[in-house]
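Please keep the sequence and the structure side by side while reading. The explanation below moves from individual residues to the elements that surround them.

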Amino acid sequence: MKKAVITVDVELDRGGGIEGLKKLDELLEKYTGFTLLVTPETLKKAPDIVKSWEDENEIGLHIHPAELGFDEDLFDIYSYEEQRKMFEESLNIFSKFLDSKITSFRPGRWRFHENIYPIMKEFRMTHSSSRYPRPGSDNEPHGVEDIIEHSPTIWTPEPLSDVVGKKKKQKKGFEDILEIPVSIHSVRKFGVVFNAALCNNVDYPLIYIASKSLSHLEYQMFTFHSFNLLDKKVEDRIKNFIGYLNRGREITELSKITV
Ligand SMILES: [Zn+2]
């Protein structure tokens with residue numbers, strides 16, 4: 001059966017607070033098998049909620065340096081030692097509250113740095129989703145330095161410029177884009193949308209790019225933030241899409257993906 005991974009960045013500081021967390025909790029009463037990438041601050045502030053998820057979902061690590069006392073919230077600008085310290089401190093917090101072994105990671109704001117892999121390896125972590133999909137790159141799950149890396153959306157073999165700037169008329173091959181809760185319009189506005197989502201001025205936070213029929217892809221990865229659920233319109237889209245994935249696919253956790 002074809003697979004899908006659903007990841008959620010779970011955080012309090014960048015909007016939504018505890019209300020976003022409660023919305024996610026409601027969603028997790030209906031669906032399971034998610035990969036919840038949680039910041040250590042969130043875990044400290046809402047340990048009972050997060051702990052209630054761990055039996056039926058995977059809990060992974062999400063790092064926003066600003067939460068850990070660093071000035072800039074950009075993981076990639078720090079030294080190896082500082083980055084390593086962020087992992088160490090975070091994992092210590094996780095081990096205090098949770099039984100799960102934490103093996104998956106994503107940096108806040110997709111601030112990838114190549115140090116991520118050796119640091120993960122040291123802490124016996126195995127699955128990274130640290131890179132935003134890049135046109136022409138290997139966006140399907142693949143091994144790098146003993147870690148499995150995978151991007152959060154569909155493989156995009158065509159350059160992004162082929163997607164952006166198109167009129168509302170759908171390009172051949174994009175017909176199935178209607179199966180998902182974004183329109184070609186949001187894809188056209190990709191850069192703007194992505195930045196808007198980051199600064200939490202969220203008008204259209206669901207970004208999904210596909211240049212092939214989605215239903216034919218062996219593997220899909222869908223991602224959103226807990227606070228996205230606070231916008232009713234967006235919440236409905238997220239639910240619709242999760243329903244769509246559940247109908248045709250086995251929902252699996254990030255750490256269960258093999259290459
Ligand atoms: Zn985040």
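The loop between strand 4 and helix 5 (116–122) contains Arg-109. In this predicted model, Arg-109 has a positive phi of about 60°, although it is not a glycine. Most residues other than glycine have a negative phi. Arg-109 counts as partly exposed because 17 other C-beta atoms lie within 10 Å, while a residue needs 20 or more to count as buried.

Arg-124 is placed in the loop between helix 5 and strand 5 (127–128). Its phi is positive as well, about 55°, and Arg-124 is not a glycine either. Is Arg-124 buried or exposed? Arg-124 counts as exposed, because it has 10 C-beta neighbours inside 10 Å, and the limit for an exposed residue is 12 or fewer.

The loop between strand 4 and helix 5 also holds Phe-112. This phenylalanine is partly exposed, with 16 C-beta neighbours inside 10 Å. Leaving aside residues up to four places away in sequence, Phe-112 touches Asp-76, Pro-107, Ser-130 and Arg-131. Phe-112 and Leu-74 are separated by 38 residues in sequence, yet their C-alpha atoms are 9.2 Å apart in space.

Strand 4 (residues 104–107) runs parallel to strand 3, and three bridges join the two. On strand 3, another neighbour is strand 2 (residues 35–38), which is also parallel to it and is joined to it by four bridges. Within this pairing, Leu-36 has Ile-59 of strand 3 as its bridge partner.

How many of the six residues of strand 3 (residues 58–63) are buried? Six of the six are buried, so strand 3 is largely enclosed by the rest of the structure. The burial applies to both faces: Glu-58, Gly-60 and His-62 are buried on one side, and Ile-59, Leu-61 and Ile-63 are buried on the other.

Together with helix 4 (residues 80–97), they make a right-handed β-α-β unit. At 1.5 Å a residue, the 18 residues of helix 4 should span 26 Å, and its end C-alpha atoms are 26 Å apart, which agrees.

The two sides of helix 4 can be told apart by burial. Gln-83, Met-86, Phe-87, Ser-90 and Phe-94 are buried in helix 4. These residues lie on the same side of the helix, because they cover an arc of only 95° around its axis. The buried residues of helix 4 pack against helix 2 (40–45), strand 3 and helix 5. On the face turned away from this buried side, helix 4 carries the exposed residues Glu-81, Glu-88, Asn-92, Ser-95 and Lys-96.

Helix 1 (residues 17–30) can be read in a similar manner. Its buried residues include Gly-20, Leu-21 and Leu-24. They are on the same side of helix 1, because the arc that they cover around the axis is only 100°. Strand 1 (3–10) and helix 3 (47–53) are among the elements that cover the buried residues of helix 1. The exposed residues Glu-26, Glu-29 and Lys-30 are carried by the face of helix 1 turned away from its buried side.

Strand 1 in turn runs parallel to strand 8, to which seven bridges join it. In this pairing, Ile-6 stands opposite Phe-222. Six of the seven residues of strand 8 (residues 219–225) are buried, so strand 8 is largely enclosed by the rest of the structure.

Ile-6 also belongs to the largest nonpolar core, which has 41 residues. The residues with the most contacts inside this core are Ile-6, Val-8, Val-10, Leu-36 and Val-38. In soluble globular proteins, nonpolar side chains tend to be buried together. What does Val-10 touch, not counting residues up to four places away in sequence? Val-10 touches Leu-21, Leu-24, Leu-36, Leu-37, Val-38, Thr-39, Thr-42, His-62 and Ser-226.

The chain as a whole can now be considered. Its secondary structure comes to nine helices and nine strands. Of its 259 residues, 37% count as buried. Among contacts with a separation of 6 or more, 68% are between residues 24 or more positions apart.

Terms used:
Residues are numbered from 1 along each chain as its sequence is written. This is a predicted model: local features need pLDDT of at least 70, side-chain atom pairs count only at pLDDT 80 or more; totals for chains, interfaces and linings use all residues. Two strands pair if DSSP finds at least two bridges between them. A crossover is right-handed if, with the strands pointing away from the viewer, the path from the first strand over the helix to the second runs clockwise. A nonpolar core is a set of buried Ala, Val, Leu, Ile, Met, Phe, Trp, Tyr and Cys residues joined through C-beta atoms within 7 Å. Two residues are in contact if their C-beta atoms, placed from the backbone, lie within 7 Å. The arc is that of the directions from the helix axis to the C-beta atoms. The expected span of a helix is 1.5 Å times one less than its number of residues.
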